There are 2 protein chains.
Amino acid sequence: MPKPKTTKKLTSNVMEKGRRPTSYDVARIAGVSQSAVSRCFAANASIAPAKRELILKVAAEIGYKPNALAQALISKRTNIVALIISAQTNLYYPEVLAELSTRLNERDIRVLLFALSAESDVDDVLDQIWRHSVDGVISAARLSAAQVALFAEHRVPLVLYNRVATAAPSVRCDSISGERDLVEQLLAAGHRRFGLIAGPRDNYVGEERRMAALSTLSQSGIDDVAEIKGDFSYRSGHAAMHELMQQSGKLDAVIAVNDLMAIGAMDAARLDLRLDIPKDISIVGFDGAGPAQWGSYDLTSVRQPVRRMTDAAVSMLIERIEDGSAPPEQRLFAGELLRGSSARLGVEIV
Amino acid sequence: MPKPKTTKKLTSNVMEKGRRPTSYDVARIAGVSQSAVSRCFAANASIAPAKRELILKVAAEIGYKPNALAQALISKRTNIVALIISAQTNLYYPEVLAELSTRLNERDIRVLLFALSAESDVDDVLDQIWRHSVDGVISAARLSAAQVALFAEHRVPLVLYNRVATAAPSVRCDSISGERDLVEQLLAAGHRRFGLIAGPRDNYVGEERRMAALSTLSQSGIDDVAEIKGDFSYRSGHAAMHELMQQSGKLDAVIAVNDLMAIGAMDAARLDLRLDIPKDISIVGFDGAGPAQWGSYDLTSVRQPVRRMTDAAVSMLIERIEDGSAPPEQRLFAGELLRGSSARLGVEIV
């Protein structure tokens with residue numbers, strides 16, 4: 001093996017050209033093959049200790065850092081996970097995004113973010129995902145059966161977050177039980193005239209909560225429920241409250257399928273319609289989002305266990321990245337009833 | 001050139017091995033060199049039309065897609081931009097994140113997300129950034145001069161968002177003028193006893209607003225300002241309001257350096273201390289965040305032009321990715337005074 005030459009001249013050449021030093025530069029200066037340099041920086045690759053030491057010395061001197069992309073091509077792992085999130089104006093979304101990215105970063109995995117403006121834009125991002133060779137995907141946006149099948153075809157592990165598909169593993173909050181409990185509490189407290197503020201029809205979670213509320217009411221003989229469709233935003237909840245009162249004249253309780261719309265409804269009821277909450281009307285939401293717990297609202301709602309759910313989603317994904325044959329599994333987490341002051345509920349049984 | 005063999009058998013071999021087809025598979029089946037396959041999918045590379053057609057046909061048949069990572073190694077562009085965001089409980093952060101990622105996605109650039117729990121964690125992510133070969137970085141977290149210098153050394157274009165450093169281009173809202181205008185309005189309306197809710201000392205924007213408020217008050221001969229440090233959260237604003245009143249007995253106005261703390265202070269003032277806002281006390285914030293405009297708060301604040309600022313940040317970054325020699329440039333956007341009902345202000349001059 002030739003003695004390494006003085007590296008100063010060569011290093012400055014590399015710099016003058018205005019490019020980062022490559023493994024070829026290291027190889028040339030150290031007098032070894034480029035493949036030796038690659039092996040030196042690859043996991044589990046064999047290389048003689050003396051050669052390894054020489055390469056590391058030259059690499060340090062000329063400032064060569066093994067390229068994560070090049071390493072990914074060798075190891076077939078990129079340590080990047082794509083996150084598909086639908087940015088429908090849901091208060092709850094930034095919290096989920098922050099929690100998921102924190103959980104992934106803790107495990108030294110980077111997040112490639114795909115923020116959709118509508119759930120139906122998924123197709124546009126899938127092609128991007130195949131091309132970026134991510135290790136796996138967590139989707140909090142709805143995927144069709146055909147789209148789920150594409151993941152299997154491309155051998156990209158997938159975990160759904162608060163969405164469901166038979167062929168893919170998923171982590172969800174049990175919206176049905178949560179909404180049912182909440183509505184039963186309202187019934188127990190004597191509410192009979194109900195209004196419902198629903199979400200967009202193409203949103204799985206919103207629809208699940210809506211159906212759970214309506215079927216629980218129906219089982220108690222209440223089928224005449226005033227209903228307005230919102231888009232999960234504060235503004236739409238605010239407008240829906242006005243529409244509900246115009247339609248119905250008098251309501252005992254309004255069920256919004258998310259917290260943000262419930263907050264909008266509360267402001268409309270209190271500030272515009274001059275209703276006393278909860279004396280004149282009870283208003284409930286779903287999510288347990290931060291602002292819903294602020295003093296001005298203190299919203300009665302169902303809190304999703306975000307920490308546990310994001311932790312489960314990340315664990316399930318990593319398991320599937322490491323073992324492609326792990327079967328689909330559905331994990332369903334119970335929500336926690338938050339007894340705020342925005343609604344009269346049945347007596348709590350402790 | 002040999003006639004391509006029937007690809008069925010080879011394709012199923014590829015599939016049986018449980019791996020994605022590679023450029024080598026395409027080369028073997030098409031009877032061409034791997035470098036020809038690479039050139040076929042690389043931009044601006046020359047290849048004979050007939051050969052190109054054959055390669056594309058085989059690639060389509062066996063489901064080969066050029067790997068984004070491999071292409072990045074050829075083109076030296078990854079179309080990935082890293083976003084460093086500090087997740088300090090600032091209401092304003094999800095909006096900035098959503099806007100930046102939307103602006104980047106519109107330009108077919110993917111976002112690699114680094115969400116810091118504290119601004120001081122930047123060092124940990126920089127090494128990750130060098131390794132991931134991103135095209136550029138937008139940082140909404142503070143960087144030291146030494147950290148900024150590392151970007152130049154690694155030849156990674158950088159744009160700072162609401163942060164500043166002499167050697168790096170930046171996009172900022174003019175916090176100093178905005179805060180000054182707001183405080184002058186409070187002075188014009190006759191407020192004399194002031195409380196201030198500051199942010200964490202290591203947060204650049206919070207400190208800038210704090211200093212602007214204090215110096216404006218000082219220029220009007222008001223130096224005795226009660227001050228409590230918060231952490232940008234609702235909870236800390238709520239607690240700070242209680243502490244300020246215990247310290248001072250009576251205040252005319254409370255200036256919070258962000259909206260979320262102002263909202264917490266409003267709830268404490270109204271619900272706990274039974275103060276009438278703005279008759280007994282004026283409360284102002286800064287950011288123009290969504291919830292601050294909800295009916296229950298209608299906060300007097302300064303709105304950052306997020307859309308324009310994120311657009312400018314992305315444009316500046318792309319310019320620097322395409323031309324590494326573009327000099328540092330500071331872009332400063334004026335904020336818009338939001339005259340909510342949470343404060344008595346001077347008469348508006350139209």
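Which residues in helix 2 of chain B meet which residues in helix 4 of chain B? I looked this up in a predicted model, in which local features need pLDDT of at least 70, side-chain atom pairs count only at pLDDT 80 or more, and totals for chains, interfaces and linings use all residues. Residues are numbered from 1 along each chain as its sequence is written, while chains are lettered from A and ligands numbered from 1 in the order in which they are written.

**Helices 2 and 4.** I found B:Asp25, B:Val26, B:Ile29 and B:Ala30 in helix 2 meeting B:Leu54, B:Ile55, B:Val58, B:Ala59 and B:Ile62 in helix 4, contact being C-beta atoms, placed from the backbone, within 7 Å. I noted eight nonpolar residues, no polar and one charged in this contact (Ala, Val, Leu, Ile, Met, Phe, Trp, Tyr, Cys and Pro count as nonpolar, Asp, Glu, Lys and Arg as charged, the others, Gly among them, as polar). The axes of helix 2 (residues 23-30) and helix 4 (residues 49-62) of chain B come within 9 Å and cross at roughly 120 degrees, with axes fitted to C-alpha atoms over the stretch in contact and angles running from 0 to 180 degrees between N-to-C directions. Helices are DSSP runs (H or I, at least four residues), numbered from the N terminus. The two are therefore oblique (under 35 degrees is roughly parallel, over 145 roughly antiparallel, 65 to 115 roughly perpendicular, the rest oblique).

**Helices 11 and 12.** I then read that helix 11 (residues 234-248) and helix 12 (residues 259-272) of chain B pack at about 45 degrees, with axes 6 Å apart, which makes helix 11 of chain B oblique to helix 12 of chain B. Their contact has 10 nonpolar, five polar and two charged residues.

Conventions: Contact = placed C-beta atoms within 7 Å.
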